[in-house]
Protein chains: 2
Amino acid sequence: MHLHPFDDAIALQRRDDGLYEGRTHPAWANMVGPYGGITAAVLLNAAWIDTRRLGEPLSLTVNFAAPLADGEFTIEARAARTNRTTQHWTMALRQAGEVACTASAVFAIRRPTWSAAELHPPDVPAAEAVPPVASPAPVAWPARYEMRFVRGGWIGRDSAGEPCDDSESLLWLRDDPPRPLDALALAALADVFYPRIFRRRQRFTPAGTVSMTTCFHADAAALAAQGARPVLARAQGQRFVGGFFDQAAALWGDDGQLLASSQQVVYYRE
Amino acid sequence: MHLHPFDDAIALQRRDDGLYEGRTHPAWANMVGPYGGITAAVLLNAAWIDTRRLGEPLSLTVNFAAPLADGEFTIEARAARTNRTTQHWTMALRQAGEVACTASAVFAIRRPTWSAAELHPPDVPAAEAVPPVASPAPVAWPARYEMRFVRGGWIGRDSAGEPCDDSESLLWLRDDPPRPLDALALAALADVFYPRIFRRRQRFTPAGTVSMTTCFHADAAALAAQGARPVLARAQGQRFVGGFFDQAAALWGDDGQLLASSQQVVYYRE
């Protein structure tokens with residue numbers, strides 16, 4: 001069977017002791033270890049494929065406690081509490097007996113209610129009108145996405161331009177090759193923004209996500225309706241101080257509906 | 001010893017088996033169980049007071065898995081991974097053997113780096129120029145805070161006004177009685193905003209926080225400099241759909257520095 005590289009990378013085997021076994025995938029390699037978004041997706045997948053799972057993803061927090069080494073890992077996923085319409089999971093990813101990530105997820109059964117949106121997408125050209133741009137970075141994972149930057153595109157490997165007044169990036173985004181959107185892919189997309197400090201300072205500095213939380217607003221039907229078309233993605237840093245910054249992100253469908261909001265805290269040096 | 005009601009409510013006793021024992025405090029009672037912010041603070045406190053703790057709070061996620069009953073609880077806090085400058089904790093709060101909350105926290109040692117802010121405070125009158133307003137709600141916890149609303153104040157118990165176009169609240173805020181700010185108090189302040197759906201619809205509906213994540217930007221020295229003076233607090237909903245909404249919040253010192261950013265997902269009915 002020929003799997004999409006996303007599905008290949010998040011595949012897990014359940015062992016007799018209840019732990020899941022997975023492995024890092026070279027197509028998702030980052031500077032050190034895999035792209036954080038694929039690690040978020042595989043942690044969510046451990047709860048998603050569990051036969052005890054109730055409903056669909058509502059919230060996911062992943063704490064990146066240590067760099068992953070290339071190779072195998074185990075995931076322990078526990079349903080900490082199951083209610084009538086929500087279920088709380090905790091997960092731990094280990095390599096060589098040491099915890100590399102902790103995570104928690106809430107799953108929920110959604111139901112029709114009064115609804116409204118306040119975080120509206122910026123006014124942008126249609127995806128087809130914005131050319132895709134490949135990353136100049138010598139790592140594998142950016143090639144897993146088609147990225148059409150409206151604002152705040154890749155900075156050059158040797159960039160040392162004038163610092164920007166803000167750290168915003170805004171882009172049309174989808175899996176490459178295209179893959180119909182689901183909550184697992186959305187969990188990975190939410191980490192797609194290179195560290196906002198690169199954008200703000202127009203240069204590279206060692207940086208890595210420490211913790212990331214994503215809130216999901218779209219159910220399976222809404223994600224299926226979005227299909228494999230590009231989503232609009234925006235991220236911006238909020239404060240950079242003391243070696244850490246936070247960034248807020250949003251992902252909208254091409255109908256303008258907010259699919260997910262996300263926040264992460266990122267380590268940086270210098 | 002006469003403790004401030006905040007310190008009284010987050011007090012924990014370490015048992016021989018390593019678990020911490022605490023109890024809900026009537027001064028922090030909400031409709032059902034305690035105010036979520038005090039629960040967030042007591043979970044953070046379990047890691048904070050641990051002799052193995054490294055550095056200061058950087059990020060905290062609390063998942064509210066079930067309503068707390070009034071009375072005793074235990075907290076299990078584990079240092080999942082300790083690095084040179086960061087430490088990852090996981091916590092679980094239990095009552096009668098059942099998990100009521102799961103949580104994770106990252107602690108970090110900050111160091112001088114390049115710094116900048118992008119999420120600036122709105123232009124508002126000074127705290128002294130805005131009168132404090134008591135909550136009309138028949139619950140105890142709002143009296144633990146002095147709230148001076150610039151925008152989006154309390155709605156009446158029987159309010160059924162015209163729905164608002166947005167769900168923003170903006171207020172000057174501090175503990176009542178005043179208490180010098182620290183990370184534990186800040187963790188509680190970040191949950192102070194009544195559910196954004198009340199504001200947007202100008203009426204009550206059953207609602208409760210499901211998961212909350214706060215990123216801390218201020219170290220102990222910066223928090224001590226803020227002291228017991230009011231902080232500026234802002235929250236707004238992002239999308240309300242399918243029985244859940246997310247809200248983004250920010251808390252600034254009176255010098256305009258971002259002290260914390262926070263995101264939460266909230267259940268609502270109707």
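Q: Leaving aside neighbours within four places in sequence, which residues is A:L93 in contact with?
A: This is a predicted model, where local features need pLDDT of at least 70, side-chain atom pairs count only at pLDDT 80 or more, and totals for chains, interfaces and linings use all residues. Residues are numbered from 1 along each chain as its sequence is written, and chains are lettered from A and ligands numbered from 1 in the order in which they are written. Contact here is judged on C-beta atoms, placed from the backbone, that lie within 7 Å. Beyond those neighbours, the partners of A:L93 are A:L43, A:F73, A:I75, A:A100 and A:C101.

Q: Is A:L93 buried or exposed?
A: A residue is buried if 20 or more other C-beta atoms lie within 10 Å of its own, exposed if 12 or fewer, and partly exposed in between. A:L93 has 27 other C-beta atoms within 10 Å, so A:L93 is buried.

Q: How many residues does each chain bring to the contact between chain A and chain B?
A: Of the interface residues of chain A, 100% are also interface residues in chain B, so the copies meet through the same surface. The count is 53 residues from chain A and 53 residues from chain B.

Note on methods
Two residues are in contact if their C-beta atoms, placed from the backbone, lie within 7 Å.
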